[in-house]
Amino acid sequence: MILLVDLCYQEDSLSAYEFVRPIADALARAGAGVECRHYTRVTPESASECEGVVLCGTALKDNGYAEHIELFSWLQDPGVPALGICAGMQVMASLFGGRIIPHPAIGLEDISVVEDSSLLGPPRQIQGYHLHNYGVTLPPGFRLLAGTAEAVEAFRHPDRPLYGILFHPEVRNRWVLERFLDL
Amino acid sequence: MNLGVLFSGGKDSVFACSRAMEKNTVSCLITLVSENPDSYMFHTPNVRRTDLQARAMNLPLLTWPTRGEKEEELADLRAAIRAAREKCGLQGIVTGAIESVYQAARVQRICRDLDLWCFNPLWQINQLDYLRLLLARGFLVIISGVFAYPFDASWLGAALDRDRIEMLAALQRRYQINPSGEGGELETFVLDGPCFTRRIKIIEASSSYRNYRGHYLIEEARLVDK
């Protein structure tokens, strides 16, 4: 069972159709069981009982999650694989010592995968869909998987299977979600 | 949150509007009326009939003219959204985009520049599942235009029923078309749905068809009780 965490401004919002449902559908089509839960309702127990966690993105104007980073402290405990998408990546960065920084981008753009990883595969150019006003700095010790130090596109925790990606994999890159399930 | 819906009268904008009405307040529908039948952004067949749909849904309709030329129509869209924001106190915009990054990214940029929320409640939805959902929810959708091989004239004016959806599924398997028509293969018009207080009855219509391109134009229609 994958725990899919909804980071949108409120539970069962209009945004969930755009940022949560497509990820849930892609994971389900890849064979995973999925439980969706709003970030205000995730407990350490619910996170530890699943096989993996995916933190979803949000609308451009929706940054409420960044004011409640403490609600994600359960991600700091060693446990299951986790993937943070866009807003989810920002949460991960904040929890592990990075910063959320202004970095607006909208649309399909070239992304340089710079380090081989189980999630993104070997170094190469890919195209990804960006929809964000903010990016992140690389948390201390994290590996840069894609982008540059100034414009981080993807990272991973040095020891644990915690990944963040700034682009939205539900658009033309569902293979990222399939690879996450294989971690 | 007060929302305006970019509204063409086709199934995607009507269903997006329906979802927005379930979660928020839809304050107006925004229709760009293009002079260009091959508009990049804006659905054109029967777009002048959106006034009937707006009345059926008890929502104000704001129309905005555009010549429908590629980059100019973006400026027109921005102007229309800005005017709607001022007139209706909008906080956000809703679109019926499904997979078109071209459309979605442009509206997202306009909304960012105008400090508006942007919602795409059909984004990345499985297209065949979506067509079946429309039917299950009681939307009455007709095909108002076809623009690609192998669609023949029999599609024009046809209701999107179970048989047509299965035909679209077969065409998707064989020709890789977008079954919802977002690739420009076909266009639709909604006559009824759960968010309609009355349904639209077509009194007179005409069809034109040539070389896998055709239109079904509603010449006269009126609202009737459901």
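Visitor: What makes the order 3-2-1-4-5 in chain B a sheet with parallel pairing?

Guide: In this predicted model, five strands of chain B form an open sheet in that order, and the pairing is parallel. Strands count as paired if DSSP finds at least two bridges between them. Strands themselves are DSSP runs (E, at least two residues), helices are runs of H or I with at least four, and both are numbered from the N terminus.

Visitor: Why are strand 3 and strand 5 of chain B called edge strands?

Guide: Strand 3 (61–66) and strand 5 (117–119) of chain B each pair on one side only. From one strand to the next, the twist averages 25 degrees.

Visitor: How do you know that strand 4 and strand 5 of chain B are joined?

Guide: There are three bridges between strand 4 (residues 92–94) and strand 5 of chain B, which run parallel, so they pass the pairing rule. One bridge puts G92(B) with W117(B) in strand 5 of chain B.

Visitor: What is the strand order in the antiparallel sheet of chain B?

Guide: Four strands, ordered 7-6-9-8, form this open sheet. Neighbouring strands are turned by 25 degrees on average, direction ignored. Strand 6 (residues 140–146) and strand 9 (residues 213–224) of chain B pair over two bridges, and G145(B) stands opposite H215(B) in strand 9 of chain B.

Visitor: Why is helix 5 of chain B called roughly antiparallel to helix 6 of chain B?

Guide: The two pack at an angle of about 175 degrees, with axes 10 Å apart. That makes helix 5 of chain B roughly antiparallel to helix 6 of chain B, because the label covers angles over 145 degrees, while under 35 is roughly parallel, 65 to 115 roughly perpendicular and the rest oblique. Such angles run from 0 to 180 degrees between N-to-C directions, with axes fitted to C-alpha atoms, for helices over the stretch in contact.

Visitor: Which residues meet there?

Guide: L128(B), L131(B), R132(B) and L135(B) of helix 5 meet residues of helix 6 of chain B, including I165(B), L168(B) and A169(B). Contact means heavy atoms within 4.5 Å. By class, there are six nonpolar, one polar and three charged residues. Nonpolar means Ala, Val, Leu, Ile, Met, Phe, Trp, Tyr, Cys and Pro, charged means Asp, Glu, Lys and Arg, and the others, Gly among them, are polar.

Visitor: How should I read the numbering and the cut-offs?

Guide: Residues count from 1 along each chain as its sequence is written, and chains are lettered from A and ligands numbered from 1 in written order. Local features need pLDDT of at least 70 and side-chain atom pairs 80 or more, while totals for chains, interfaces and linings use all residues; side-chain values use heavy atoms, leaving out hydrogens and water.
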